[in-house]
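These are my notebook entries on how the parts of this structure meet. I went through the domains first, then the chains, and then the salt bridges.

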Amino acid sequence: MTTVLITGTRPYGEGDPVDVLIDDGVITRIVPTVAGGRDAGGPDSAASAADEVIEAAGTVLLPGFVDMHTHLREPGREDAETVRSGSAAAARGGYTAVFAMANTEPVADTAVVTDHVYAQGQAVGLVDVHPVGAVTKGLAGAELAEMGVMAASSAAVRLFSDDGHCVADPLIMRRALEYARGLDVLIAQHAEEPRLTEGAVAHEGPTAARLGLAGWPRAAEESIVIRDALLARDAGARVHICHASTAGTVELIRWAKDQGIAITAEVTPHHLMLDDARLESYDGIFRVNPPLREESDTRALRAALADGVVDCVATDHAPHAAQDKCCEFSQARPGMLGLETALGVVAQTMVAPGLIDWRGVADVMSVRPAQITGLPDHGRPIEVGETANLTVVDPDSAWTVRGAELASIADNTPYEDLTLPARVRATLLRGRVTCVDGKVRAR
Amino acid sequence: MKHLLSIGDLTPDSAVDLLDEADRFKAALLGREVRKLPTLRGRTVMTVFFENSTRTRASFEVAGKWMSADVINVSAGTSSVSKGESLRDTAATLHAIGADALIVRHPASGAPRQVARWTAEMAQDGVAPSVINAGDGMHEHPTQALLDALTLRDRLGGIEGRRVGIVGDILHSRVARSNALLLTMLGADVVLIAPPTLMPLGADGWGVTVAHDLDSELPGLDAVMMLRVQAERMRGGFFPSPREYSIRYGLSETRRRMLPEHAVILHPGPMLRGMEIGYSVADSPQAAPLQQVANGVHVRMAVLFRLLVGGQVDA
């Protein structure tokens, strides 16, 4: 039995500091921190016998983060990321569970692939790696993948997505939603009408027009969002919108929720912070899909996350090898790293301006994504008897992002040299410390 | 300024200075049997074209040679990625060989700017080549705009206060972008005329007028710049048919007669006669495509001179 004590932390940043004792993966005691520390004669005799003590004065204690949208690149592109390196990045970013998207090589459209990814995640043990299954075979959008087999496999796949591609055919999407309802699993849609984005590399707007970059119109996303909301309504199924990026999408989701449609949505940290003015440099690091939009969109997304219309933050962590980014902008592969910087970006864009507090951070980075994906032991209240999936956050630890220092194999962060306002002090997965002060602890 | 990557890199004064310099080169060569100046002796200029071109490449080559530069043409084929070598590695190689100037044409918007950034990062001794944008994707073609402006100045006696119509495939045209920037900078009144499908989103924020009816604009124009319809960049139907395009936006003989007598007709070439421009219109006294080509050499001489030996283009 392992015992860990976190001292002087404040759950959700609220109330007086407490000491949190974790025995064998479960929170067993939460007691007020004694002034002067344990050596001054604290009331908790078990505390002084802890195997490990994390001195955490000034920190905020949150439920471990859950990322519904991660690309781990294994199998196929291990030069960019592996389950091991991505798990390390997740642990450093405060995550205790991640959903690994299906657009690997080969595609995760069979239980063979999803079980492989799941087993790798288990072997590494830094974070719960839940493989996402493809909705359609080969992500081709034509035939449903064997969703039932994947759901019944050892990976117990609960989330299905062709992310990177849209399930564009309305009949296939309808069937997928209906079939998913029967399995009680969730379809996550990459909303992009492909005919409207042929050749597109940047948000369609004045910036792209001036820079001579082919435009990705908002309507390409919004038309699929409203279509899928209506299909989900008719199918009686749930649908989740990946990486919402436009103000119009926010309004459509608001409308759909008002109608009682079972729709949820995520926003990425980069769509909360960055806009298309970044493209002036033509640096491929800023190419992402959906593209960075205009400042009015980032404002709308922040407001929607604050008021709950957008449910959660998901990183869309997308590592790429250097040669896939250091090239012509239009040739650069879309995607950005996100796991290790997500908290800092959310702190800067949402907490610092007062849009949400730390309980709000817990909601959008842990509680809601765990609820949406049905993870019973994640996103739980910080209470005695709960599984100790926890993140200790230092809200005043400003740090400067250096891609080369991140745990990912790739270094394609859009925040290079940017100073972010908050950092993860420690991450605990079922009571085991997976990361403390940036150092990852392999099992 | 070390590079010429965009018209936006220029100020009105530096743009006029380049046009004046081009005029001086033109005068210096006028009537000479042997057109050779010693200006760039010992300098190495490389044209690096990732996209097919006849007139722009030849124009830069002649400009360099008339100034005694060593001009080397690098055939980079199509996309560097499809070739297997990255654009960055190609830039590194050319930098290591020791070019003083890289004249880059590339199908990807922004590629010359990236070459300029990468070679600056690579320069151990701080000496990186000047990079000239010879046309990048749908972005810009600054020397084309300069030669167009020189031609307009020759024909009209000045640019300020003149009304210039740019007609056709604005969306895909780097020539239109550079010209809209330069001509408005020089005080012209620019009107972009195209069907809405070929008009870039936000063009009305460029300090220009946006119009869709060519006939109503023609009588008020001092110059009309016809653009090539870039079928190779088009996906999906931007207009119903070449015939309809020609009927609505082609500069026919009838339309030529709607222009004021003094108006100049420009085309960056290659011209699609019969569609964008009538057969006889292209050869009419108002049409200036050959003068544009001739001015192109003098403008490129001015740009090479200013970047390599004549101080900075921009103050």
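**Ground rules**

I note that this is a predicted model, in which local features need pLDDT of at least 70 and side-chain atom pairs count only at pLDDT 80 or more, while totals for chains, interfaces and linings use all residues. Residues are numbered from 1 along each chain as its sequence is written, chains are lettered from A and ligands numbered from 1 in the order in which they are written, and side-chain values use heavy atoms, with hydrogens and water left out.

**Chain B, between its domains**

I took the bounds from an automatic or database domain assignment, which divides chain B into domain 1 (7-140 + 294-309) and domain 2 (142-284). Their C-alpha centres lie 26 Å apart, and 32 residues of domain 1 of chain B are in contact (heavy atoms within 4.5 Å) with 25 residues of domain 2 of chain B.

The area buried between these two domains of chain B is about 2300 Å², with 63% coming from carbon and sulfur atoms; buried area here is the accessible area (1.4 Å probe) that two parts lose on being put together, summed over both. On the side of domain 1 of chain B, B:Ile7, B:Leu19 and B:Met138 supply 30% of the area buried against domain 2 of chain B, more than any other three residues.

I then counted four salt bridges between domain 1 of chain B and domain 2 of chain B, a salt bridge being a side-chain nitrogen of Lys or Arg within 4 Å of a carboxyl oxygen of Asp or Glu. B:Arg153 and B:Asp23 also meet through their side chains in a salt bridge, at 2.7 Å from N to O.

Which elements give two or more residues to the side of domain 1 of chain B that touches domain 2 of chain B? I listed helix H1 (12-29), helix H2 (55-66), strand E3 (101-106), strand E4 (130-136) and helix H12 (289-308) of chain B, helices (H or I, at least four residues) and strands (E, at least two) being DSSP runs numbered from the N terminus. H1(B) gives the largest share of that side, with nine residues.

**Chain A, between its domains**

Chain A is divided into domain 1 (4-61 + 385-440) and domain 2 (68-373), and 28 Å separate their centres, taken over C-alpha atoms. The contact takes 38 residues from domain 1 of chain A and 42 residues from domain 2 of chain A.

I recorded a buried area of about 3200 Å² between the two domains of chain A, of which carbon and sulfur atoms give 63%. In domain 1 of chain A, A:Asn412, A:Pro414 and A:Tyr415 lose the most area to domain 2 of chain A, together 21% of what that side buries.

The count between these domains of chain A is two salt bridges, and 16 residue pairs are in polar contact (both at pLDDT 80 or more). I also noted a salt bridge of A:Arg430 with A:Asp128, whose closest N and O atoms are 2.7 Å apart.

**Between the chains**

Here 22 residues of chain A are in contact with 22 residues of chain B, and the area buried between the chains is about 1700 Å², of which carbon and sulfur atoms give 58%. The rule finds one salt bridge across this interface; B:Arg117 and A:Asp283 meet in a salt bridge at 3.9 Å, N to O. Seven residue pairs are in polar contact between chain A and chain B (both at pLDDT 80 or more).

**Salt bridges overall**

My search of the whole structure gave 44 salt bridges over all chains. I looked up A:Asp324 and A:Arg77, which form a salt bridge with their closest N and O atoms 2.9 Å apart. A:Asp324 lies in the loop between strand E15 (312-313) and helix H11 (342-351) of chain A and A:Arg77 in the loop between strand E6 (65-70) and helix H2 (83-92) of chain A, so this pair ties together parts that are 247 residues apart in sequence.

Definitions and conventions: A polar contact is a pair of N or O atoms within 3.5 Å; within protein, one must be able to donate a hydrogen and the other to accept it, and residues adjacent in sequence count only if both atoms are side-chain atoms.
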